[in-house]
Amino acid sequence: MAFQIKSPVGLAARLKANSASTVAEGSELSAPASKPITYLAVTDPAIKDRLGIVFDDSGSMYGSLIQEAKDGVIEFLKSCIPNQTAVALYPMNHTKYQLETNLPYIAGKTLELEATDCTPLVSTTINLVENNKTLTRGIVFSDGRPDRSDTTILVSMCKERKVPIDTVYIGRDDDSAIGFMRRLAEDTGGTFIHLKPGVSMR
């Protein structure tokens, strides 16, 4: 099922309104109750993609921005192939979740996030790459206003480990923060995406 991201009340808000269990029980992310999924171990050779999501839950993401980011993550997870993909979730200010093949679980944890505190985008992404040795790709969802803009160590680490970082920028076209997000993707061999209201992550 394809759908458009709506702001400020998008998919994430609708799912949250029906409780996070909606993700596990009623969305495309899970199998019908009659056909439960047995999730493979992250170390299983069938797991081809080991992806890390860095999620900006800082104060500047309050309101429609964090809803758009949640919508983007949920739509991204829906496009992943079950039992061929493991995903880690690294919010900048909340509990971090290591690589997991149970994508509805990651979706549920994404919906629980709230916009608070600061934007340690670079250090959180370094943390992700350091702590997940088998990571194949990183994806950063943010409005691109990091506490620290020096990406030298991060870029070097990503090149050494051959882990590209895709960046999903959520914000205005005329905001200077867009440049930081574009450069981070380019410098690590990743893809830059400007996620606007009504634009699908598919």
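This is a predicted model: local features need pLDDT of at least 70, side-chain atom pairs count only at pLDDT 80 or more; totals for chains, interfaces and linings use all residues.
Let me begin where two helices touch: Leu154, Val155, Cys158 and Lys159 in α6 meet Leu184, Asp187 and Thr188 in α7. Sorted by class, the residues of this contact between α6 and α7 divide into four nonpolar, one polar and two charged.

Two packed helices are described by the angle between their axes and the distance between the axes. For α6 and α7, the axes come within 9 Å and cross at roughly 35 degrees, and the crossing is right-handed.

Now let me turn to the other partner of α6 that I want to discuss, which is α5. The axes of helix α5, residues 121-131, and helix α6, residues 152-161, come within 10 Å and cross at roughly 25 degrees. Angles under 35 degrees count as roughly parallel, and that makes α5 roughly parallel to α6. The crossing of α5 with α6 is left-handed, whereas that of α6 with α7 is right-handed. If you want to find this contact on the screen, look for Val122, Thr125, Ile126, Val129 and Glu130 in α5, which meet Ile153, Leu154, Met157, Cys158 and Arg161 in α6. By class, the contact has seven nonpolar, one polar and two charged residues.

Which residues of α5 are buried? They are Leu121, Val122, Thr124, Thr125, Ile126, Leu128 and Val129, and the elements that cover them include the strands β1, β2, β4 and β5 as well as the helices α6 and α7.

Is Asp175 buried or exposed? Its relative accessible area is 8%, and because the cut-off for buried is under 20%, Asp175 counts as buried. The side chain of Asp175 reaches the backbone nitrogen of Ala177 at 2.9 Å, and, if we leave aside neighbours within four places in sequence, Asp175 is in contact with Arg145 and Tyr169.

Finally, let me step back to the whole chain, which has seven helices and six strands. Read from the N terminus, these elements run α-α-β-α-β-β-α-α-β-α-β-α-β. Of its 202 residues, 50% count as buried, and, among contacts with a separation of 6 or more, 77% are accounted for by residues 24 or more positions apart.

Note on methods: Residues are numbered from 1 along each chain as its sequence is written. Side-chain values use heavy atoms; hydrogens and water are left out. Axes are lines fitted to C-alpha atoms, for helices over the stretch in contact, and angles run from 0 to 180 degrees between N-to-C directions. Helices (H or I, at least four residues) and strands (E, at least two) are DSSP runs, numbered from the N terminus. Angles under 35 degrees count as roughly parallel, over 145 as roughly antiparallel, 65 to 115 as roughly perpendicular and the rest as oblique. A crossing is left-handed if the near helix is turned anticlockwise from the far one by less than a right angle, and right-handed if clockwise. Contact means heavy atoms within 4.5 Å. Ala, Val, Leu, Ile, Met, Phe, Trp, Tyr, Cys and Pro count as nonpolar, Asp, Glu, Lys and Arg as charged, and the others, Gly among them, as polar. Buried means under 20% relative accessible area, exposed over 50%, partly exposed in between (1.4 Å probe, protein chains only). A polar contact is a pair of N or O atoms within 3.5 Å; within protein, one must be able to donate a hydrogen and the other to accept it, and residues adjacent in sequence count only if both atoms are side-chain atoms.
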